[in-house]
Amino acid sequence: MTKFKTKLLAAIISLIIIVLLAEGLLLGQVFKNYYVNTFNEKIERETLFIAKYIQENGGISEFIHQGKTEDLANLFDANFAIIRNDGTILYDDNVNRNNYPNRHKDMLKSITNRLETDHQSGVVEGPKSLHYYYHTIQKNGKIEGAAVLSNEIEAINQVNGQMWWILTISLIASLCIITMFASRIASRYSRPIEAAATTAIELADGNYRARTYERSSDEIGMLNKALNILARNLQEMQIARDLHQDRLETLIENIGSGVLQIDHKGYITMTNLAYKQQFNMEDTDLLYKFYYEVIPYEEIIAIIEEIFMTEKSIKRQVLIPLSIERKHFEVYGAPIIVKNDEWKGIIIVFHDITELKKLEQMRKDFVANVSHELKTPITSIKGFSETLLDGALKDEQALYDFLKIILSESDRLQELIQELLDLSKIEQQDFVLQVDSVNVSTILEESISMLCGKAEEKNITLILESESPSLWVEGEANRIKQIFINLITNALNYTTREGEVKIEASEDSDNVCVAVKDNGIGIESKELPRIFERFYRVDKARSRDSGGTGLGLAIVKHILEVHKGKITVESCPGKGTTFTVLLKKHIR
């Protein structure tokens with residue numbers, strides 16, 4: 001905006017200079033004409049006075065004879081001459097002054113020629129601004145001669161020069177004063193324009209908080225006011241847009257469902273926190289990469305490709321194995337088509353319905369599993385009871401054997417019902433741990449002592465290797481003991497005779513780690529995600545030789561969750577299984 005102010009000031013000053021120069025030239029010419037005219041009128045009057053004076057004194061001859069020429073010449077500052085009409089010069093004081101003598105005679109001769117044409121008076125311009133004024137002298141009605149006055153207008157030139165100096169100085173002073181005021185005026189009018197331009201630039205750069213001053217009510221003030229209104233409107237729109245953007249980002253990040261956006265070229269351009277958590281990935285693994293390079297699941301790739309080909313929305317349910325779990329997702333995909341049917345890409349939403357599926361499956365399995373688990377002992381109890389009622393009461397050995405079987409099946413029923421009650425209690429939201437300091441080493445020793453008899457029945461070696469006799473964590477002792485009893489029991493159940501079960505305990509700064517290893521039958525990798533489900537058995541024939549109710553690992557998992565711990569499993573069929581439990585030292 002400095003250029004605008006400079007241009008405005010330069011334009012004003014240029015206009016002023018042109019006006020002042022024109023005015024100076026006009027005034028100079030007017031003054032010069034005025035002085036010249038005044039000078040000419042004065043000389044003409046003097047010439048007329050001399051001619052009349054000579055006439056009144058008897059004419060030229062009598063006037064010269066009386067000797068009055070010198071007296072008359074001394075009265076005027078001009079050159080004085082008297083000539084006859086035949087060209088004879090009777091008197092001329094220019095001889096004494098020697099002002100251009102040759103040219104002077106020619107001028108007098110020219111005047112004589114004028115007398116012959118009855119010119120009674122006139123002006124003849126001579127050299128070097130020398131003017132000749134003449135007037136006829138008459139006697140008895142006839143032209144006798146003429147009185148001639150000649151003078152240089154040097155005085156007029158001097159006055160004209162002085163006048164030009166005065167005009168020049170006045171014009172320069174006026175120019176300085178006017179320039180000063182013009183600069184202030186230009187600054188006054190350019191400053192709000194500069195402020196408006198600066199504000200407009202700020203607005204163009206996205207700074208909608210920029211404002212300009214509203215100092216006047218003229219057009220510039222109206223411009224600044226309108227600019228401020230525009231800035232406020234843009235700021236409000238930006239605030240609303242940012243708020244909408246923040247809400248949208250917050251919604252996408254916390255929606256709970258995984259979101260994946262793919263552009264029309266197949267690059268992944270956006271994902272949210274839920275997706276990264278669901279599939280255990282980071283932005284660097286996903287963003288600006290082809291979807292088929294970073295998505296390892298054929299079902300998802302097939303859905304994406306179908307949307308690209310059909311440009312229609314798709315809704316499907318898929319089952320995806322993730323680590324040791326399998327998760328059910330309801331996948332919704334839709335094309336992104338904006339105005340003018342422009343294709344922008346697709347959006348994929350992953351709704352994790354694993355829990356819903358589990359609840360649905362649990363409802364189905366509960367009846368089937370509980371019915372199955374209850375059917376065998378109840379059938380046994382009923383069958384042996386009917387046998388006893390049919391007459392076996394009298395056979396003491398049969399009575400003892402049947403009652404022993406009935407007692408065993410009753411214990412099995414009681415164990416199943418107790419584990420169901422424990423699991424239900426743990427899953428309740430209002431379940432509260434009785435947190436205390438617990439020595440894991442002691443818990444492991446007590447658990448092994450309880451199960452050493454079962455190990456001896458199958459001639460299984462039970463080994464405990466602990467880093468320290470004092471491995472302390474925070475938790476509920478009975479629940480932690482239940483974890484290890486279930487894990488060790490499972491290891492004993494699924495380890496063949498003369499096998500080995502090893503329990504290794506260690507710690508770091510924050511956790512206590514316990515690994516239960518066996519060299520039993522192992523678990524197929526495809527079965528690993530389901531082993532923590534209720535009533536799930538790796539043995540599809542539900543072999544009763546393995547024992548248990550099918551709820552042990554489910555209970556272990558839920559107890560660890562309330563203790564903020566973790567459990568992982570590694571297994572190789574035919575070589576054995578390792579369950580690793582991680583307990584936090586501090587949970588309060």
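## Sheet, cores and aromatic pairs in a predicted model

Five strands make up an open sheet, ordered S7-S6-S10-S9-S8, and their pairing is antiparallel. At its edges stand strand S7 (268-271) and strand S8 (314-322), each of which pairs on one side only. Averaged over the sheet and with direction ignored, neighbouring strands are turned by 25° against each other. Strands and helices here are DSSP runs numbered from the N terminus (strands: E, at least two residues; helices: H or I, at least four), and two strands pair if DSSP finds at least two bridges between them.

The model is predicted: local features need pLDDT of at least 70 and side-chain atom pairs count only at pLDDT 80 or more, while totals for chains, interfaces and linings use all residues. Residues are numbered from 1 along each chain as its sequence is written, and side-chain values use heavy atoms, with hydrogens and water left out.

Strand S9 (residues 325-338) and S10 run antiparallel and are joined by 10 bridges. Within this pairing, Gly 333 has Ile 348 in S10 as its bridge partner.

**Aromatic pairs.** Rings of Phe, Tyr and Trp (its six-membered ring) pair if their centres lie within 6.5 Å; planes under 30 degrees apart count as stacked, over 60 as edge-to-face and the rest as tilted. The count by this rule is 12 aromatic pairs, including the two below.

| Pair | Centre to centre | Angle between planes | Type |
|---|---|---|---|
| Tyr 275 and Phe 350 | 5.3 Å | 50° | tilted |
| Tyr 291 and Tyr 292 | 5.3 Å | 80° | edge-to-face |

Tyr 275 and Phe 350 are both buried, where buried means under 20% relative accessible area, exposed over 50% and partly exposed in between (1.4 Å probe, protein chains only). Tyr 291 is buried because its relative accessibility is 8%, whereas Tyr 292, at 46%, is partly exposed. Ring pairs also join Tyr 291 and Tyr 292 in a cluster with Tyr 267, Phe 290, Phe 308 and Trp 343.

**Nonpolar cores.** A nonpolar core is a set of buried Ala, Val, Leu, Ile, Met, Phe, Trp, Tyr and Cys residues joined through side-chain atoms within 4.5 Å. The largest contains 43 residues, and Val 440, Phe 484 and Leu 487 have the most contacts inside it. Its largest share, 8 residues, is supplied by H15. Leaving aside residues up to four places away in sequence, Phe 484 touches several residues, among them Val 440, Ile 443 and Val 514; contact means heavy atoms within 4.5 Å. A second, separate core has 26 residues, including Met 281 and Ile 300.

How values were computed: Axes are lines fitted to C-alpha atoms, for helices over the stretch in contact, and angles run from 0 to 180 degrees between N-to-C directions.
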